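Student: Please take one part of this model and go through it closely. I would like the local picture, then how it sits in the whole chain.

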Amino acid sequence: MIDATILLLTTSLNLIVGAIPTQAATFQITSLPFPPITVPGTYVLVSDLNYTAQSGAAITILPNLSGPVILNLKGHTLTGSVSIPLTNNSSIGVFINGNGPSLSTITIENGTITHFASGVFADSENASGVLGNALSGIDINHIAFSFVLGGGNGIAVVFANDVVSSAVRNCTFTASDIGIRAQSAGGNRYSNNTFSNVAAFVVLLAGQNIINPVVLDDSRFEVPTN
């Protein structure tokens, strides 16, 4: 006969364990290019890393995963292959690319991205002006962008094809062609950023089905230094 007390304790323990949220996995990034991120979790740079190719992306993230993705540079630097004098270079530091809509958030934080043609490039392949296919929930926080240059225009942050309800905050932009370029249906926030020695600070292109405001607040636009 099963003791009723033991049965009660076992049932209670199972209920407690079932109530504990599952911890997302943590992955280390030790070399570039990193295989496309297709699994939710936290991805951490373990050292400064170089991306030597003239095209493609150092790190690619799919936007429609079932759980959050956090890319934490941990104070380290992603360095691309752009050099002066400029050559034909289309390299991307972090590429968020795939069909929308987003199912969860993507965070890129705490480090430096330098010497790329595009620093962070987010693009919904199937948006085409359809708000329901837009990417959302992208948070770029405490990233230092520098020497983001291109033969045409180097752009530190690109929100392409109606990226909505996303943020660029607490970032610095220096020695680059364009700081932020966004084609958006609105709802994005750009806050507490600093721009210096940047040819164009923020370029906003009107997306289709504009329903939400774009917010640009508490940012600093500094005089270039000699």
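Tutor: Strands here are DSSP runs of E, at least two residues long, numbered from the N terminus. The model is predicted. Start with Ile61. Its place is in strand S4, which covers residues 57-61. Ile61 has a relative accessible area of 0%. The cut-off for buried is under 20%, so Ile61 counts as buried.

Now its surroundings. Leaving out residues up to four places away in sequence, Ile61 touches Ile37, Val69, Leu71, Val94, Phe95, Ile96, Asn97 and Ile106. Thr38 is 23 residues from Ile61 along the chain, and 6.8 Å separates their C-alpha atoms.

Next, the charged pair. The salt-bridge count comes to one. In it, the side chains of Asp139 and Arg169 meet at 2.7 Å, N to O. Asp139 belongs to strand S10 (residues 138-146) and Arg169 to strand S12 (residues 167-169), so the pair ties together parts 30 residues apart in sequence. Side chains of opposite charge can pair when their charged atoms come close. Asp139 is buried, at 16% relative accessibility. Arg169 is partly exposed, with a relative accessible area of 30%.

Finally, the whole chain. Of its 226 residues, 45% are buried. Among contacts with a separation of 6 or more, 70% join residues 24 or more positions apart. The accessible surface is about 10900 Å², and carbon and sulfur atoms account for 57% of that surface.

Methods. Residues numbered from 1 in each chain as written. Predicted model: local features only at pLDDT ≥ 70, side-chain atom pairs only at ≥ 80, totals over all residues. Heavy atoms only, no water. Helix = DSSP H or I, 4+ residues; strand = E, 2+ residues; numbered from the N terminus. Buried < 20%, exposed > 50% of the residue type's maximum accessible area, 1.4 Å probe, protein only. Contact = heavy atoms within 4.5 Å. Salt bridge = Lys/Arg side-chain N within 4 Å of Asp/Glu carboxyl O. Areas by Shrake-Rupley, 256 points an atom, 1.4 Å probe, with all protein chains shown as cover.
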